[in-house]
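Trainee: Could you walk me through this one, piece by piece? I have the sequence and the model open.

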Amino acid sequence: MNEIGSDLSRLGVRVAFAIHAYYPDVFEEILSYLADLPLNKKYFVTTVAEHEYRIRWALQASGQPFQLDIVTNRGRDVLPFWRIYPGIRTENFEYIIKVHTKKSPHLKNGSKWRDSILANLISPEAFLANFIAFKDDAGLGIICPEGFYLPIEAHLGPNEDRVLSIASRLGLTRSEVHQQGFCAGTMFAARVSALDPLLRLKFDDQEFEQEAGQVDGTLAHALERCMTLGTVRNSMRVAVTSSPTATARFNSAAEFAGTLFEGASQSRFLAQVREQGRKLERKVRHMIRGRRPAGTTVDQVSVTKDGDESDPSLAGQALPVQGNEAP
C-alpha cells in the first residue's frame, strides 16, 4: 500500500457511495476507481432491469458490501437517489459520495466532463484532501467538484418555479436561493446531515417526468439545483475540491463540457490531468503535516485546473448545465 493509501486507512471515515448505474461500462470504470480507496465503505447502487445482471456481477466481483435496487428509467439519477437515501440513513452513515454513470450523449464531451468530476471526487488524492476537510470542520456540508459549482440564480431557466417551491418547503426565501450555488452534474461529497432537509421531502414517482431525452425543465433538473439548499437550512458551508478548507466561490467563466477539448489535443489533456494529480498530492501532504509552504496562503496551494479563470482562452464562456443522466 502506498503512502496515500496508508493515510486513507488511518482516516477512519465510513462512507456510503450512492451510484446510479445506467451505463454498465461506466459503472465498471467507477468501481475500478473505488478499488483504490482502502476504507470502510458500502455501495448503494441503482440500475434498470435490463442491466441488473451485469451490475450485480460487477458488484459481487468487487468484494465490497452493497445494496442493489432496481428502478424504472424515470427521474434520471435523482429519483433513484431519493429511493436509496433512507437505507443510507438507516445504516447511520455520516458521509455520502454521490456519483452516476454520466454519458450525456447530447454533449460533445460529456464523458470527459464525467471523468473530471470523478477524478475530483474519488481519486485517492482528492478523496483524502476532501475528507480531511470534513473531519476538521463540522460546518462543512458539501464538496462540489472543482469547476462545477455554479450560481443557482444564473441557471434557473425553466426550473425557477419548481426550485422556489421546493425552497419554500424548506423555509427558504427567494433571496436565500439566489445567493446559493449548486453542484452541476449532481455529483458531490456530502455530510449526510447537510442533505437531510432536502432528502426528507416527499416526492411521488409520478411527479418525475418519464425519460424522453429532456435537456432541462424536469423535476430532476430542479432538484439538481436544490441539492445544496440543506446547507443553508443547517447553516453549513459548501466547498469545492480545489480548496475544501475554504468556502466555495462560483465558477461562472468556464464552459468545461463543451469547449475544454476543442482546440486542445489529447496529449494536452493528459498533461493537465497529470499536473492536477501532482498538485493534489502536494496539497494533501501539506494538509497531513498541518503546514503549508513558506510564504503561501491556502488559496495559493489550491489546485487550479487548466480551463478555469486562470486560462484566458476560456474566459467568459458559460458552463452548460446538464446534470442528470440521459439514456
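**Loops, burial and helix packing**

Mentor: Let us start with Ser235, which sits in the loop between α11 and β9, where helices (H or I, at least four residues) and strands (E, at least two) are DSSP runs numbered from the N terminus. This is a predicted model, in which local features need pLDDT of at least 70 and side-chain atom pairs count only at pLDDT 80 or more, while totals for chains, interfaces and linings use all residues. Residues are numbered from 1 along each chain as its sequence is written, and side-chain values use heavy atoms, with hydrogens and water left out.

Trainee: Okay, and what is the phi of Ser235 near?

Mentor: Phi of Ser235 is near 55°, which is a positive value in a residue other than glycine. Ser235 also counts as exposed, because its relative accessibility is 69%; exposed means over 50% relative accessible area, buried under 20%, and partly exposed in between, with a 1.4 Å probe and protein chains only.

Trainee: What is Met236 in contact with?

Mentor: Taking contact as heavy atoms within 4.5 Å, and leaving aside neighbours within four places in sequence, Met236 is in contact with Ala138, Gly139, Leu140, Gly141, Arg191, Ser193, Ala194 and Thr231. For Gly141, the C-alpha atoms are 5.4 Å apart in space, although Met236 and Gly141 are 95 residues apart in sequence.

Trainee: And across the chain, what share of contacts comes from residues 24 or more positions apart?

Mentor: Such pairs account for 81% of the contacts in the chain with a separation of 6 or more. The secondary structure comes to 13 helices and nine strands, and buried residues make up 57% of the 327 residues in the chain.

Trainee: Switching to helices, at what angle do α4 and α9 pack?

Mentor: Helix α4 (residues 78–90) and helix α9 (residues 192–199) pack at an angle of about 130°, with their axes 12 Å apart. Axes here are lines fitted to C-alpha atoms, for helices over the stretch in contact, and angles run from 0 to 180 degrees between N-to-C directions. The two helices α4 and α9 are therefore oblique to each other, given that angles under 35 degrees count as roughly parallel, over 145 as roughly antiparallel, 65 to 115 as roughly perpendicular and the rest as oblique.

Trainee: Which residues meet there, between α4 and α9?

Mentor: From α4 there are Phe81, Trp82, Tyr85 and Arg89, and they meet Val192, Leu195, Asp196, Leu198 and Leu199 in α9. By class, the residues of the contact of α4 with α9 divide into seven nonpolar, no polar and two charged, where Ala, Val, Leu, Ile, Met, Phe, Trp, Tyr, Cys and Pro count as nonpolar, Asp, Glu, Lys and Arg as charged, and the others, Gly among them, as polar.

Trainee: Is Asp196 buried or exposed?

Mentor: Asp196, in helix α9, counts as buried because its relative accessibility is 9%. Apart from neighbours within four places in sequence, Asp196 is in contact with Tyr85 and Arg89.

Trainee: How about α2 and α3, at what angle do their axes cross?

Mentor: The axes of helix α2 (residues 24–34) and helix α3 (residues 52–62) cross at roughly 10° and come within 10 Å, which means that α2 is roughly parallel to α3. Pro24, Asp25, Phe27, Glu28 and Leu31 of α2 make the contact with Arg54, Ile55, Ala58 and Leu59 of α3, and by class the contact of α2 with α3 has six nonpolar, no polar and three charged residues.

Trainee: Last one: where is Glu209 found?

Mentor: Glu209 is in the loop between α9 and α10 (219–226), and Glu209 is partly exposed, with a relative accessible area of 27%. The C-alpha atoms of Glu209 and Ala220 are separated by 8.3 Å, the two residues being eleven apart along the chain. Leaving aside neighbours within four places in sequence, the contacts of Glu209 include Arg74, Gly75 and Arg162.
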